[in-house]
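Please read each point with the sequence and the structure in view.

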Amino acid sequence: MTSVADQLDKVLQKTAQVLELCNALQEENDLLKLENQSLKVALDTAKGKNVELDEKLRVTKLAKSIEGASEKSLDIKQKINDFVREIDKSIALLKK
């Protein structure tokens with residue numbers, strides 16, 4: 001039969017092992033939280049880029065539809081540039 005001192009030593013050893021495991025898991029959890037946060041930022045950036053590209057596509061389609069109109073191509077290009085500037089300003093305001 002084991003003595004009380006031996007049993008106490010075993011309990012202390014197992015407690016130390018549990019504490020080490022807990023610390024390791026906490027560190028892993030912290031790393032995963034950081035990775036999750038960086039992925040969220042990357043996702044938000046990609047979503048913003050997607051919105052910007054969708055808007056440019058819409059402007060391009062609009063420009064192509066205007067192409068058949070009687071306006072000169074320089075006027076059309078100027079309108080497209082104005083649309084793009086307005087879109088860029090709107091995106092900049094949304095990011096703030």
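Predicted model: local features only at pLDDT ≥ 70, side-chain atom pairs only at ≥ 80, totals over all residues.

**Note on the salt bridges and their surroundings**

1. The label applies because buried means under 20% relative accessible area.

2. Which residue forms a salt bridge with glutamate 52? The partner is lysine 56, and the closest N and O atoms of the pair are 3.5 Å apart. This contact counts as a salt bridge because the cut-off is a nitrogen to oxygen distance within 4 Å. Lysine 56 is partly exposed, its relative accessible area being 32%.

3. The positions of these two residues along the chain deserve attention. Glutamate 52 and lysine 56 both belong to helix H1, which covers residues 4-67. Because they are four residues apart in this helix, about one helical turn separates them.

4. Helix H1 also contains glutamate 55 and arginine 58, which lie three residues apart, or about one turn of the helix. These two residues form a salt bridge in which the closest N and O atoms are 2.5 Å apart. Are they buried or partly exposed? Arginine 58 is partly exposed, with a relative accessible area of 44%. Glutamate 55 is also partly exposed, at 24% relative accessibility.

5. Helix H2 spans residues 73-95 and holds aspartate 82 and arginine 85. The side chains of these two residues meet in a salt bridge, with an N to O distance of 2.7 Å. Because aspartate 82 and arginine 85 are three residues apart in the helix, they are separated by about one helical turn. Aspartate 82 has a relative accessible area of 30% and is partly exposed. Arginine 85 counts as partly exposed as well, at 44% relative accessibility.

6. How many salt bridges does the structure hold? There are three in total. The pairs are glutamate 52 with lysine 56, arginine 58 with glutamate 55, and aspartate 82 with arginine 85.

7. The protein as a whole may now be considered. Its secondary structure comes to two helices and zero strands. Of its 96 residues, 6% count as buried. The protein exposes about 8,600 Å², and carbon and sulfur atoms supply 60% of this area.

Note on methods
Residues numbered from 1 in each chain as written. Heavy atoms only, no water. Buried < 20%, exposed > 50% of the residue type's maximum accessible area, 1.4 Å probe, protein only. Areas by Shrake-Rupley, 256 points an atom, 1.4 Å probe, with all protein chains shown as cover.
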